[in-house]
Amino acid sequence: MTEKQVRTRFAPSPTGYMHIGNLRTALYGYLFAKSQKGTFILRIEDTDRARYVADAVDFIVRTLDAARIVPDEGPDIGGDYGPYVQSERMEIYKEYAEKLVKLGHAYYCFCDPDENHSTGEFGGYDRTCRDLSPEEIKAHLDNGDPYVIRQKMPLTGETTYFDVLHGNITIPNSELEDQVLLKRDGMPTYNFANVIDDHLMGVTHIIRGAEFITSTPKHVLLYQGYGWELPTFIHLAPVMGKNEDGSVSKLSKRHGATSFDDLVKMGYLPEAITNYVALLGWNPKTTNQEIFSMEELIGAFSLEGLSKSPAVFDYDKLGWLNGEYLKAMSDEEFAERAKDFVENVPDYLEKNWGKLCSLLRTRVARFGEIGEQIAFLIEQPAFDASLYVNKRNKVTVEKAQELLPDMIALLETIDEDGWNNDNLYAKLEAYIAEKELKKGLAMWVLRIAVAGQSITPGGATELLEMLGRKISLERLKKSLANLTAL
RNA sequence: GGCGCCAUCGUCAAGCGGUUAAGACACCGCCCUUUCACGGCGGGUUCAUGGGUUCGAAUCCCAUUGGCGUCACCA
């Protein structure tokens, strides 16, 4: 006996935006399928014409590709169960809706959606259309009256289904309304198309957000109505965002960047985002490993590691993880990819780009921070003399006034050829020894004078090298002038 | 409001009846050090509350509280 081939699917509606929560859903579906040597399907649920977004399908395909989540079947690659875009499957839904009417689990409803038919419990309709005679229905249909097809829910009892994460979930049938299956425009609703397609496409495991927990009994009743085998349900806990007041709510734009694309634009690496998102609601149980390649994720993934409680998206941790990826990257790759995140870099920095990047590597959590990190190298900030004061190194403004002229004089004796970190450092070290100074004291003064800010990527001599002889000396003299003018 | 889901450090989390309640991020301290970062070492009243069950409960049950979801011809 061979186990049934696992088939999972990611079924987004084309909104032109890949929310981190959706990405995670896609990722788990992919990881589970791949870990079981199964098939991962991409299906587009575009049954809401009002919300149609141009090129959204292309966007989804590109985003999944960037995240290295690769479908085995889908709109752009085909497969044996297509089409994979719901708007191209309308005849199928119509056929199955009518079939369900014949089976006695659905009925035609001719109620006007704009008219309030509510007799109490549900808005927009009452159940009178359930009792229409065949003659009445035929009359309406012959007359060309618009209609919807509604699911005929049991009025009593309850429906129970099994969820891998939550166990048995039971909902009283009285909570279930006779939901619309086929809309006036002939399009199916989500709750209908989803079931039809999942069955027709042979989906074995439905991995989706927890927001569907309470509507799943409707789906179950549909499966049962057709006499179809139930798939396995796995409802994922939502991804939350932290509010300013400390409370949490479902991750949304007000929490900052919430789409895969936004994060990439901020300079987080796609592989780091995927890695972080994987850990947000799942853990490998048997190891404390946190850095995972996609292959490793596939190898380590199991449904048991999924969490059933909501997880708060933490930009700090994402930043840390991204930093780990950055540090693991080759110098060349870092320098190359970092270029996309800066503009108007002056020649002298361009020339030393590789060296600058090596200074930046351990100091940025993402590429997007590079711009602000190097701003002072492009233009020296105006700064107050109090910046020279540093308690630990016993630096005072007077000390700065005393040492800076000497150091400038020393630096002027070093020519272009000797203007590099090692040599500058050696020369200054000799000077410091001769004067019996503290290294921290002299270097601090020099660094502040040339940088104009207290925290910098790299030490004094590294900055001197980066800026080059000419600009360094200009900056130092300017700072000295400001100091003596006090 | 009805119905449903959830509840271990600030955050992600391990734990599945007997543990000194892991680990990571963040935070704090120390070390390293030409600042910062990196790196190293160390630190912290975390089991929502109240009842059970049990020799024994973070682990099982119930209630309470809180958070979230859902009640569309949206998905």
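Q: Which residues does Arg366 touch, leaving out those up to four places away in sequence?
A: In this predicted model, Arg366 touches Met266, Gly267, Tyr268, Asn322 and Leu326. Arg366 itself sits in the loop between helix H13 (353-360) and helix H14 (370-378).

Q: How do you know whether Lys394 is buried or exposed?
A: Its relative accessibility is 61%, and the label exposed asks for over 50%, so Lys394 counts as exposed. Lys394 lies in the loop between H14 and helix H15 (397-412). Lys394 is not a glycine, yet has a positive phi of about 55°.

Q: How do you know that S10 and strand S11 (residues 248-250) pair?
A: Pairing needs at least two bridges, and S10 and S11 have 3 in the antiparallel sense. Lys242 stands opposite Val248 in S11, and Met240 is opposite Lys250 in S11. The two strands form a hairpin with 5 residues between them, and Gly246 in the turn has a positive phi of about 95°.

Q: What makes strand S10 (residues 239-242) a partner of strand S12 (residues 311-312)?
A: 2 bridges join these parallel strands, and at least two are needed, so they pair. Here Met240 stands opposite Val312 in S12.

Q: Why are S11 and S12 called edge strands?
A: The open sheet of 3 strands has the order S11-S10-S12, with mixed pairing. S11 and S12 are its edge strands, as each pairs on one side only.

Q: How do you know that S1 and strand S2 (residues 39-42) pair?
A: They share 4 bridges in the parallel sense, and the requirement is at least two, so S1 and S2 pair. Arg7 stands opposite Thr39 in S2. S1, helix H1 (residues 20-35) and S2 make a right-handed β-α-β unit.

Q: What makes the approach of Glu290 to RNA strand B a polar contact?
A: An N or O atom in the side chain of Glu290 is 2.3 Å from a sugar or linking oxygen of RNA strand B. That value falls within 3.5 Å, so it meets the cut-off. For Glu175, the distance to a sugar or linking oxygen of RNA strand B is 3.0 Å. A polar side-chain atom of Lys439 lies 3.1 Å from a phosphate oxygen of RNA strand B.

Q: Which residues come nearest to RNA strand B?
A: Thr47, Lys183, Thr362, Arg363 and Tyr425 come nearest, out of the 62 residues around RNA strand B. Sugar and phosphate account for 70% of the atoms of RNA strand B that come within 4 Å of the protein. The surrounding residues divide into 22 nonpolar, 19 polar and 21 charged.

Definitions and conventions
Residues numbered from 1 in each chain as written. Chains lettered and ligands numbered in written order. Predicted model: local features only at pLDDT ≥ 70, side-chain atom pairs only at ≥ 80, totals over all residues. Heavy atoms only, no water. Near = heavy atom within 4 Å. Polar contact = N/O pair within 3.5 Å; in protein donor to acceptor, adjacent residues only side chain to side chain. Nonpolar A, V, L, I, M, F, W, Y, C, P; charged D, E, K, R; others polar. Right-handed = clockwise from strand over helix to strand, strands pointing away. Contact = heavy atoms within 4.5 Å. Buried < 20%, exposed > 50% of the residue type's maximum accessible area, 1.4 Å probe, protein only.
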